[in-house]
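Student: I'd like to learn how to read a fold from its coordinates. Could you walk me through one, feature by feature?

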Amino acid sequence: MGALRPVPMPSVEVGMDEGRLVEFLVQVGSTVTVGQPLFVVEAEKVTLEIEASTAGRVAELCVEPDSDVRVGEPVLMLDVSDA
């Protein structure tokens, strides 16, 4: 493994402290491109697909689906060394 970059839980609503990870749309080992949906987040008023801002390979899924995750905490890790 090369350079790992965390993909954090984003703030998708004003004042959001945590969100629920509904599901992953990728698996460990998947190659992702910029703009590709990675996971679905549910907040109080919205459910959104979160897209990759960096290309790479999924190295690790850091949380379980249907988990509450604090904003800024890693949801998954991307290996960006070959990107």
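Tutor: We'll go from the overall fold to the sheet, the core and then a few single residues.

Tutor: First, some housekeeping: this is a predicted model, so local features need pLDDT of at least 70 and side-chain atom pairs count only at pLDDT 80 or more, while totals for chains, interfaces and linings use all residues. Residues are numbered from 1 along each chain as its sequence is written, and side-chain values use heavy atoms, with hydrogens and water left out.

Student: How many helices and strands does the chain have?

Tutor: Helices (H or I, at least four residues) and strands (E, at least two) are DSSP runs, numbered from the N terminus. Here there are zero helices and eight strands, which gives the pattern β-β-β-β-β-β-β-β along the sequence. The radius of gyration is 12 Å, close to the 12 Å that the globule rule gives for 83 residues, so the chain is as compact as a globular protein of that length. That radius is taken over C-alpha atoms, and the rule is 2.2 Å times the number of residues to the power 0.38. Along its principal axes, the C-alpha trace spans about 35 × 20 × 20 Å.

Student: What share of the contacts comes from residues 24 or more positions apart?

Tutor: A contact means heavy atoms within 4.5 Å. Of the contacts with a separation of 6 or more, 59% are between residues 24 or more positions apart.

Student: And how do I read a sheet?

Tutor: Strands of a sheet pair through backbone hydrogen bonds, either parallel or antiparallel. We call two strands paired if DSSP finds at least two bridges between them. In this model four strands form an open sheet in the order E1-E8-E6-E3, with antiparallel pairing. Strand E1 (4–8) and strand E3 (31–32) stand at the edges with a single partner strand each, so one side of each has no neighbour in the sheet. E3 is joined to E6 by two bridges, and Thr-31 has Arg-57 as its bridge partner in E6.

Student: How many residues does the hairpin from E4 to E5 pass through?

Tutor: Four residues link E4 to E5 in that hairpin. The two strands pair in the antiparallel sense over five bridges, and Phe-39 has Ile-50 as its bridge partner in E5.

Student: Phe-39, then: is it buried or exposed?

Tutor: Buried means under 20% relative accessible area, exposed over 50%, and partly exposed in between (1.4 Å probe, protein chains only). Phe-39 counts as buried at 0% relative accessibility. Across the 83 residues of the chain, 35% count as buried.

Student: Which residues touch the most other members of the largest nonpolar core?

Tutor: A nonpolar core is a set of buried Ala, Val, Leu, Ile, Met, Phe, Trp, Tyr and Cys residues joined through side-chain atoms within 4.5 Å. The largest one here has 20 residues, and Leu-38, Phe-39, Val-75 and Leu-76 touch the most other members. Strand E2 (18–24), strand E4 (37–42) and strand E8 (74–79) are the elements that give two or more residues to this core. Beyond its neighbours within four places in sequence, Val-75 has contacts that include Val-7, Leu-21, Phe-24, Phe-39 and Leu-61.

Student: What about aromatic rings?

Tutor: A pair of aromatic rings is described by the distance of the centres and the angle of the planes. Rings of Phe, Tyr and Trp (its six-membered ring) pair if their centres lie within 6.5 Å; planes under 30 degrees apart count as stacked, over 60 as edge-to-face and the rest as tilted. The whole structure has one aromatic pair. Phe-24 and Phe-39 form it, edge-to-face, at 6.4 Å centre to centre and 70° between the planes. Phe-24 lies in strand E2 and Phe-39 in strand E4, so the pair ties together parts that are 15 residues apart in sequence.

Student: Which side chain does Arg-20 make a polar contact with?

Tutor: A polar contact is a pair of N or O atoms within 3.5 Å; within protein, one must be able to donate a hydrogen and the other to accept it, and residues adjacent in sequence count only if both atoms are side-chain atoms. The side chain of Arg-20 makes one with the side chain of Asp-68, at 3.1 Å. Arg-20 sits in strand E2 and counts as partly exposed at 25% relative accessibility.

Student: Where is Thr-54?

Tutor: Thr-54 is in the loop between strand E5 (47–51) and strand E6 (56–61). Thr-54 counts as buried, at 17% relative accessibility, and its side chain makes a polar contact of 3.1 Å with that of Arg-5.
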